[in-house]
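Have the viewer open as you read.

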Amino acid sequence: MQTHTKEAAATLGAALALVAVIHAGIWFTLFGTPDFTVLGYPFHYFWLVAGGPAAMYLLYWVYYQFITTSIVEEKKLLHAEIDSTQRADADHVTTDGGDSRYGENNE
Amino acid sequence: MSSWLLQTEVGEIGEYPFQETFGALLVPLLILLATFALYYGISYYMKSRIHGTTDYYVAGRTIGPFVNGSAVSATWESLATFMGVIALMIQVQMPFLALWTNFLLSIPLIVILYGQTLRRLGSFTPATFCKDRYGNTMSMVMALLIVFVMLMYALGQFIGLAQIAEILFGWEYSLSLLVIAVLVTGYVVIAGMWGVSYNSALQFWIMFTAAFFPMMFILQDLGASAWYFPPLGYGNLSGEMAEALPGFFDMTFDVKWYFAMFLAMALGPVGMPHLAQRIFTSRDVEAGRRTVFWFIIVTGLMFATIYSVAFAGVMWIEQQGHEIGEADLDKMIFYLNFAFNGDTITGYVVAGAVAGGLSTVSGHMLAISAAVANDVVEAFELEVTDDRKTQFGYVSVIAAGLVIALIALQPPAFLVVSILWAFAISAAAITPAIVLGVWSARVNKYGAIASSAVGFFTVLILSPHALGSIGAGGEGLTADLGIDAIMIAFPLSIITFVVVSLLAERIDSLDVDPEYNRSLINEMHGYPDDGVDRFTSAAPLIVLAVLMLPILWWGLQPW
C-alpha cells in the first residue's frame, strides 16, 4: 500500500474510532444499558464523564505512537530517495551542487 | 430552554431565600482586579515579540504542547462552561451531557483531519488555506463565513461577561458591556496571539482551580464520599439523585437525535477558526499533535468537575426544596458557592467564569482580525507590506470589539439564541471545504463555493431563528441548536461538493486541472514534490456522497 493511501486510511480509522468510543456511552444506552454501576455511577453516565475521554486519550496515543510515527518515517524515506536521486542526477550532469528543497522536513 | 446562551433579555435578579449576590464586595473585587492586572501584565510583557503578522496571529508559531493544550482548552470552553453548561445540564440532563461530550471530539479531530497539514502549510486561518487551495473567491467566502460565525459566538460571550459585571457591581447593562468591551479589546490588541496564548493558558488554570477546589467543600457538605476529587467523587449520591429526580439518568431522545447532534456538535467545532488557529500556533507539527494529549487531560478534568457542579446543584435544590427560575439556573455555580463557601471564594469563582469568557472572546477577535486584515487583503491581492498588515490587525481587533459591543447593546433575538446553532453553520459550510480540500485533490473551487453556499443557506432557511415559518421538523431544543437542520444541510453540502467538483472537471470552459494542486497537496502532507499524484482518486468522494444519501433521507423524515 502506498504511503498516502495508508495515511488516509489510518486517519479515517483514527477519526472513526475516536467518535466510536465517545458514542459508545450513547449507543449502549439506547440499545440496552448495561445494568451495572462504576464507582457508584450508572455505566453510561460514567462513560460520558470519564470512560470516554480516557479511552479517547488511549486511542490517540496509539495513533500518535504507532501510526503517525511509521508514516513520518516512510515520508522521510521518500524525501531521502528523491534527495539521493537528484544528487546522482546533478553529479551526472554537472559538477555544481544542487540546492534542493526536497530534503526539507517539517516534522 | 433558557440560559445565558439563549436569553433574549437580561434577566432580573430574583428574590430567593438564599444569598444571590455579594454581601461584601471588596475582596472579590480585588481578586478580579488582580487577575486583570495579570492578563495585562502578560500582554505587555509579550508586546515586544510582535514583529509581523506571523507573530500577531499565530504567536510566531512557537507555542509548546502544554501551554497550547491549556490555551486550547480555555478557548474552547468559554464562559458557557461556568454558566450555560451547568444550567443546561440541570434542565436537559443526560442528553446535554452526551451533546457536550461530542464537543470534546472536536480538537482531536481538528488535529487529525487538518490541523497538522495546515500547520505544515503555514496557514493563519482556514481562509488562508482556501486561498492556496481554491483561489481568491473561495477565500473571500470563507473569510465572510468566519466573520459571521465568530461574531455570533463572540456576542454571547460579551453579553454573558456584561451580565456578570451587572450582577457583581449593580451597574447598568450598557455600562457593564462598555467596560467589558474595553478591557477585553485592550489586552487582545496589545500583544495579539502572543499575549492571548499565554493568557489563555493561565485563564484555563484559573478556571480549573475556581471550579475544582470550591467544589470539594460543597460535595463534602452534600455528603459525597470522595469529595476530595470532585470529577468522580459523588458516585454514592447517584441513588439519592435517581430517587429525587427519576429521569436524571435517562437518555430521553432517540438515535436520530444523537446522530444529528454528532454532526452539529462534533463536526461543527471542527470548522471553527479560533480553535484551528490555536493549533497553527504550535512550534512544529509534532508539537501540534502532542497538544491533543494535554487538551484531553485538562479538558476532561475540567468538564468532569463542571458536571459535578450541575449534579450538586440539582441535589442542593432538591434537598433544600428551592425553586429557581430557568433564567437564573445559569448562576447556579455562584449560588452554590455563596451557600457553602462565602463571598471570598465566590469572588474567585467569578474570576474563573470571567477568565472563561475572556479566553474565548479573545480567540474570536483574533480570528475575525486575521480573516479581515490578512485573508481579505490577500484575496484582493493588494500591495500591502507586512508592517501595514500588522497595523490592520490592530485596527481590526479594535473594530471587532466595537462591532460586537454595539450589536450586544440591543442584540437581535436570533443572534443571541444561536451560538450553538452557529455550530450547524460551521459543520455544513466550513468543515467540508477544509477537510475535503486537504484529503482530496479532486475537489475544486466550484465544488467548494457551491457546497459552502448550499450548507449555509440550508441551515439559515431551516432555522427557527432566521425564517421561523420554514423548518426541518424539529422543535424546541432540537430546532434551536440546528440539530434538525444539520441532518439535511450536511449531506446536501457534501453531495453538492462532490457532484459539482467532478462535473466541473468535465466542462472544458471551466479549465479545472486536478494536477494544479499536486505540489500543494504534497507539501501540506509532507511528501516530496516528486511529480507523483496523491489523493487523486474520485472513488472515496463518490462513496462519501453515496453514504450521504441515506442520511439526507433520514433527515427529511418527520422528527
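## Ground rules

This is a predicted model, so local features need pLDDT of at least 70 and side-chain atom pairs count only at pLDDT 80 or more, while totals for chains, interfaces and linings use all residues. Residues are numbered from 1 along each chain as its sequence is written, and chains are lettered from A, with ligands numbered from 1, in the order in which they are written.

## Where the chains meet

Chain A puts 35 residues in contact with 41 residues of chain B (contact: C-beta atoms, placed from the backbone, within 7 Å). On the chain A side, the elements giving two or more residues are α1 (3-30), β2 (41-42) and α2 (43-93). Helices here are DSSP runs of H or I with at least four residues, and strands are E runs of at least two, numbered from the N terminus. The biggest giver is α2(A), with 15 residues.

Sorted by class, that side of chain A has 23 nonpolar, nine polar and three charged residues. Nonpolar covers Ala, Val, Leu, Ile, Met, Phe, Trp, Tyr, Cys and Pro; charged covers Asp, Glu, Lys and Arg; the others, Gly among them, are polar.

## Two partners of α16(B)

Helix α15 (residues 332-340) of chain B packs on helix α16 (residues 342-379) of chain B at about 160°, axes 8 Å apart. Axes are lines fitted to C-alpha atoms, for helices over the stretch in contact, and angles run from 0 to 180 degrees between N-to-C directions. The pair is therefore roughly antiparallel (over 145 degrees; under 35 is roughly parallel, 65 to 115 roughly perpendicular, the rest oblique). From α15(B) come B:Ile333, B:Phe334, B:Asn337 and B:Phe338, and from α16(B) come B:Ile345, B:Thr346, B:Val349 and B:Val350. That makes six nonpolar, two polar and no charged residues.

Helix α13 (residues 273-280) of chain B also meets α16(B), with axes coming within 9 Å and crossing at roughly 85°, so these two are roughly perpendicular. Here B:Pro273, B:His274, B:Gln277 and B:Arg278 of α13(B) touch a set on α16(B) including B:Gly363, B:His364 and B:Leu366. The class count is four nonpolar, four polar and one charged.

## An all-nonpolar pair

Now for helix α4 (residues 84-92) and helix α5 (residues 94-104) of chain B: their axes come within 6 Å and cross at roughly 140°, so they are oblique to each other. B:Val85, B:Leu88, B:Met89 and B:Val92 of α4(B) meet B:Pro95, B:Phe96, B:Leu97 and B:Trp100 of α5(B). The tally is eight nonpolar, no polar and no charged.

## The core

The largest nonpolar core has 228 residues. Such a core is a set of buried Ala, Val, Leu, Ile, Met, Phe, Trp, Tyr and Cys residues joined through C-beta atoms within 7 Å. Helix α9 (residues 173-222) of chain B gives the most to this core, with 25 residues.

B:Ile486 is among the residues with the most contacts inside the core. Leaving aside neighbours within four places in sequence, B:Ile486 is in contact with residues including B:Leu263, B:Ala264, B:Ala424 and B:Val459.

## A loop residue: B:Arg61

B:Arg61 sits in the loop between α2 (53-58) and α3 (65-77) of chain B. Buried, exposed or in between? With 18 C-beta neighbours inside 10 Å, B:Arg61 counts as partly exposed (buried means 20 or more other C-beta atoms within 10 Å, exposed 12 or fewer, partly exposed in between, with C-beta atoms placed from the backbone). Not counting residues up to four places away in sequence, B:Arg61 touches B:Thr54, B:Thr281, B:Ser282 and B:Arg283.

How values were computed. Two residues are in contact if their C-beta atoms, placed from the backbone, lie within 7 Å.
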